[in-house]
Amino acid sequence: MIKRLTHSELREMWSDLGMNLELHDQLLESNSRLFKKTHLWQKKRPAAMALFDRALHDSHGQRVAEILDYRNSGGKSVGTFCIYVPDEIALAANVLTIPLCGGSGWSVSYADKMLPRDICPLVRSTFGMALSGTCPYKTLKEYPLGETTCDAKKKTWDLFGIPAMEVPQKKNKEDKVLWISEVKKFMGDMEKISEVRVTAENLRESIKRCNRKRAVLQKISEYRKLRKPPISGLDALLISQVALNMDIDSFINAGNELLAELKARVDKGISAYDNDGVRVLFAGTPSPMGYAKVHWAAETSGLQIVADESCTGIRYYRDQIPENLDTVDEMVEAIAERYFKIDCPCFSPNKERFDNISSIIEEFQAEAVVHNILQFCHGFNVEAGALDKMLKDNDILSLKTVCDYSEEDGEQIKVRMEAFREIIEGNRNQETE
Ligand code: SF4
Ligand code: SF4
């Protein structure tokens, strides 16, 4: 644990990292203004959320100092853009994965220097930060590591000369063989950069640590099944976003503190919401740190997001890895198996996602689905048609929003959420008449 840096020490660090301080100030100001708007209106937040609020603010400050310190003592790191990259293997080789997906609307236009405007805002925000000199992680890694999940990303890797793991597009036997070989190659690459061999001992230990982190997220999610959820969808999203950046052990400790408070709130009947509202499942593209527009629009309109199937929700922490395996080979196969279950629309067909969504709706007693698609994400957008049909066949109402990271359409989306809630409540009333 390193000492907390003062504001002037942080500025010195950013300057040493070659960042553009003036633009970085603008980015921080924009992020913190937005955070106040999207999260701090909530009156019944658990007190332990302060730990996650601080981790969010630390993501460009104290967390950077921690990683710098780790690297100065010989630690290695790689930047990542997707939850397919197996953290367990990197950690076993003493390599830290730093998720780099951008969620800030502020940086999107800075991507114009290199990328077309009509691609997904997640990719543009990420590279806009790098190109504007406001990403503190730009030099804090051996290299960024992409993956072949969508066209926007694949072609961006080519443009910037970024290596990529091959994620297959189907889930047949031969695709699994390919995926296992990619995971093994990833292990070799991690061992090479850190000069640390992955052994049965260190791999088993990292599997346990990653399982513990997912277990915390799963337990928080369990509380959202209750009729009076002690935590909001907005705060649950923040926790998932922060989980990707925060030091793993600090995250587990903060999560356990929150869990104790959630238990106490449930015992006292304290909900995060003022009234019963309408329970919805959030589905669709990920919401990287800094982006919570649709969650905000939904929860300020009387919808309660009780589950989130996205990569910043259940998809990130659903599956665990057995801890009782003996050899590195067995563990690597189990890791590959776990990550191969991820139900991203980059797979075709993607029946698992539909089955998972049906189960989540049932388990969390969601009355409807809000699915949000980041603009130009064709995989999620086209798949939404089949998903809507499946929901309709099961008498589940759904609302699809397609948007970017800008703030302009926030109120418009809110109006649609309010109308959606009224329709669901109207249906409820008809059923009871
Ligand atoms: S949506 Fe697909 S590509 Fe994006 S982070 Fe999730 S798994 Fe990776
Ligand atoms: S949201 Fe869609 S288009 Fe954007 S990076 Fe993820 S998979 Fe690709």
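1. In this predicted model, E147 has M165 as its bridge partner in β4. The pair belongs to the contact between β3 and β4, two strands that run parallel and are joined by two bridges.

2. The sheet that holds these strands is open and has four members, in the order β2-β1-β3-β4, with parallel pairing. The edges are taken by β2 (95-99) and β4 (164-165); each has a single partner strand, so one side of each is left without a neighbour in the sheet. Helix α4 (residues 62-72) packs on this sheet and touches β1 and β2, its direction making about 155° with that of β2.

3. Which strand is joined to β1 by three bridges? It is β3 (residues 143-147), which runs parallel to β1 (residues 76-80). Within β3, P144 stands opposite G79, and L145 stands opposite T80. Four of the five residues of β3 are buried, so this strand is largely enclosed by the rest of the structure.

4. A further open sheet, also of four strands, has the order β6-β5-β7-β8 and parallel pairing. Its edge strands, β6 (303-308) and β8 (397-403), each pair on one side only. From one strand to the next the twist averages 30°. Two helices should be noted here. Helix α15 packs on the sheet, where it touches β5 (278-284), β6 and β7, and its direction makes about 165° with that of β5. Helix α16 lies across β5, β7 and β8 and runs at about 170° to β7.

5. Strands β7 and β8 pair in the parallel sense over seven bridges. One residue of β7 deserves attention, namely N372, whose bridge partner in β8 is T401. Is N372 buried or exposed? Its relative accessibility is 0%, and N372 therefore counts as buried, the limit being under 20%. Leaving aside neighbours within four places in sequence, N372 is in contact with F282, A283, G284, T285, Y291, V294, T401, V402 and C403.

6. In soluble globular proteins, nonpolar side chains tend to be buried together. The largest nonpolar core in this model has 81 residues. Those with the most contacts inside this core are F52, Y84, W179, L203, I239 and L258. Apart from neighbours within four places in sequence, W179 touches Y84, M165, E166, V167, P168, A336, Y339 and F340; M165 is also the β4 partner of E147. A second, separate core comprises 53 residues, among them L100, C120, Y291 and V294.

7. Two ligand surroundings can be described. Around ligand 1 stand C82, I83, Y84, T149, K153, P286, C311, C344 and F380; by class, this shell divides into seven nonpolar residues, one polar and one charged. Around ligand 2 the residues are C120, V123, C150, K153, T285 and C377, and this shell has four nonpolar, one polar and one charged.

8. Most residues other than glycine have a negative phi, and most peptide bonds are trans. E195 has a positive phi near 60° and is not a glycine. This residue lies in the loop between α8 (173-194) and α9 (200-223), and E195 is exposed, with a relative accessible area of 72%. F376 likewise has a positive phi, of about 70°. F376 is found in the loop between β7 (368-374) and α16 (378-393) and is partly exposed, at 34% relative accessible area.

9. Which peptide bond is cis? The bond from S348 to P349 is cis, with omega near -5°. P349 has its place in the loop between α14 (328-340) and α15 (351-363).

10. A last point concerns H7, a residue of helix α1 (residues 7-16). H7 is exposed, with a relative accessible area of 53%. In sequence H7 and G61 are 54 residues apart, and in space they are 9.0 Å apart, C-alpha to C-alpha.

Notes
Residues are numbered from 1 along each chain as its sequence is written. Chains are lettered from A and ligands numbered from 1 in the order in which they are written. This is a predicted model: local features need pLDDT of at least 70, side-chain atom pairs count only at pLDDT 80 or more; totals for chains, interfaces and linings use all residues. Side-chain values use heavy atoms; hydrogens and water are left out. Two strands pair if DSSP finds at least two bridges between them. Contact means heavy atoms within 4.5 Å. Axes are lines fitted to C-alpha atoms, for helices over the stretch in contact, and angles run from 0 to 180 degrees between N-to-C directions. A residue is near a molecule or strand if one of its heavy atoms lies within 4 Å of it. Ala, Val, Leu, Ile, Met, Phe, Trp, Tyr, Cys and Pro count as nonpolar, Asp, Glu, Lys and Arg as charged, and the others, Gly among them, as polar. A nonpolar core is a set of buried Ala, Val, Leu, Ile, Met, Phe, Trp, Tyr and Cys residues joined through side-chain atoms within 4.5 Å. Buried means under 20% relative accessible area, exposed over 50%, partly exposed in between (1.4 Å probe, protein chains only).
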